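Biologist: Could you take a close look at the salt bridges here, and explain how the partners are placed along the chain and how far they are shielded from solvent?

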Amino acid sequence: MKNKQIAIIGAGPAGATAAYELSKAGYEVTLYEASNEVGGLSKTIELWDQKVDLGPHRFFSNDTKVNKLWLEVVGKDYHMVDRLTRIYYKKKFYYYPLKPFDALFKLGIGQAFLCATSYMKEKVRPTKQNGSFEAWVTARFGARLYSIFFKTYSEKLWGIPCSELDEDFAAQRIKKLSLFEAVKNALFTKKNTKHKTLVDQFAYPIGGTGMVYEKMKTQIEKNGGKVMLNTRVAKVNAINGESVSIHLENGEINTFDHIISSMPITHLVNNLPQVPADVIAATSSLKFRNTILVYLKIEGQAVFPDNWLYVHASDLQMGRITNFSNWVPEINQGQSSTIVTLEYWSYNEDEIWNATSKALIELGKKELRSTGLIKDLTISDGHVVKIPKCYPVYGKGYKEPLQKVEHYLSSIENLSVIGRYGAFKYNNQDHSILMGLLAAENLIKGTRHNLWEINTDYEVYQETSTITASGLSTE
Ligand SMILES: Cc1cc2nc3c(=O)[nH]c(=O)nc-3n(C[C@H](O)[C@H](O)[C@H](O)COP(=O)(O)OP(=O)(O)OC[C@H]3O[C@@H](n4cnc5c(N)ncnc54)[C@H](O)[C@@H]3O)c2cc1C
């Protein structure tokens, strides 16, 4: 394959990594990016003379290959950040991950008793598993804890009842820890013998999370690769056994030996030639959820101590609050104000998605104030960013149509599909980086890594890895 021309669609973590690795190995790469900067959902933007991300973006990975690459790109330009994240529920703040005694104390004796009995009930007669998120979590934590700490937040995020949400989401994101284990750990793990884990600290670049991908861009260009910003791919022409080409929105057509796509899987498939009708039908059942970010400028520092908080209160529409002043001091750039962002999730047809920035800022101000987090500090400005197709929705049974689409795309030899909306996987940065790495390796070394299997290894993907002296495990 060497000396052959490779096109990569999308300069988020997945596409940028693939282009970085291939250009390093001497391939001729062209990276097409629709927006005016690299990083995708993991970009960093300048706002009110500070740097902020699109919501909270900590980096962590159990994969040594991913950590090595991250350190190779970032060098020494990162800090390990002490993590504090809490849940806001009924006017109280609970540590997250949950600390059993903190949680039970704040819930009060009556609720605590009900939590314990509903947990015991699960031990005696477990809820029947039916593939839903609701059944999965209830069986592990009991119905009462499920309804307090999982149901409201998950339904805000996904916009569907938890009984309609696939259990994959739980298996992927909730540490396999029963209440019993959590209590046992709290009682018997001595503080000074406890190693720091990814729960306690995370790695964060001094220039914001987007710095990783800006550095990759510089290196790709140094290696002779082309990074085409503001260049949207309209469609891909790929039929198995024939050469593949990219059709740009500006009418240009370019032919390549191989295409790696991280653009939305739905857009890719709907615009490919000769796709069978059943594959098109399967694609139409894949849905995405949007995010609205409301940034607020608070006049003051040390406003509240968390990196981010989860909002479980059902009377508030926001789902998460991030305080960028508590990440690394460099991104605050010496300003006296603090930038906080609030996340709202929606579908295209929802009223909130179509609301004006002014209305969203007013909503954000009102909701943030009601938590008591900013006391009577002045909110001097607001800014809204709307991100379509942010989350692939794991509706119950989503795997069946997805597998049909995967099967079809895998049959096209000169096309690889990677990324969060690219492969319809609820990826963190590290999963997308790994997809990019392995897609490149398949071309460079002729390996046959199954890229669809990445981010399905739920058993090993936990936050419990011990952190090494360098911050990230590379062995
Ligand atoms: C609010 C929020 C918080 C998050 N928190 C974390 C976290 O704490 N830790 C973590 O590791 N991850 C986090 N993530 C996830 C992380 O942002 C994503 O996993 C990662 O950015 C996915 O990378 P990707 O390359 O697969 O896709 P993306 O980042 O979505 O990049 C895809 C790129 O493709 C481009 N593109 C799309 N269509 C076209 C086209 N037709 N032509 C050309 N280019 C196109 C897009 O413009 C984009 O730049 C978070 C995400 C969100 C939304």
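**Salt bridges in the predicted model**

Modeller: In this predicted model, the side chains of Glu155 and Lys151 meet in a salt bridge, with N and O 3.1 Å apart. Both residues belong to helix H6 (residues 143-158), and because they are four residues apart there, about one helical turn separates them. Glu155 is partly exposed, its relative accessible area being 23%, and Lys151 is likewise partly exposed, at 29%.

The salt bridge between Arg289 and Asp350, whose closest N and O atoms are 3.9 Å apart, is placed in another way: Arg289 lies in strand S14 (residues 288-298), whereas Asp350 sits in the loop between strand S17 (338-346) and helix H13 (357-370), so the pair ties together parts that are 61 residues apart in sequence. Arg289 is buried, with a relative accessibility of 4%, while Asp350 counts as partly exposed at 25%. Salt bridges with shared partners also join Glu21, Lys24 and Glu72 into one network.

Within helix H3 (residues 100-107), Lys106 and Asp102 are four residues apart and hence separated by about one helical turn; they form a salt bridge in which the closest N and O atoms are 2.5 Å apart. Here Lys106 is partly exposed, at 22% relative accessibility, but Asp102, with a relative accessible area of 15%, is buried, because the cut-off for that term is under 20%. In total, the structure holds 17 salt bridges, and those described above are among them.

Notes: Residues numbered from 1 in each chain as written. Predicted model: local features only at pLDDT ≥ 70, side-chain atom pairs only at ≥ 80, totals over all residues. Heavy atoms only, no water. Salt bridge = Lys/Arg side-chain N within 4 Å of Asp/Glu carboxyl O. Helix = DSSP H or I, 4+ residues; strand = E, 2+ residues; numbered from the N terminus. Buried < 20%, exposed > 50% of the residue type's maximum accessible area, 1.4 Å probe, protein only.
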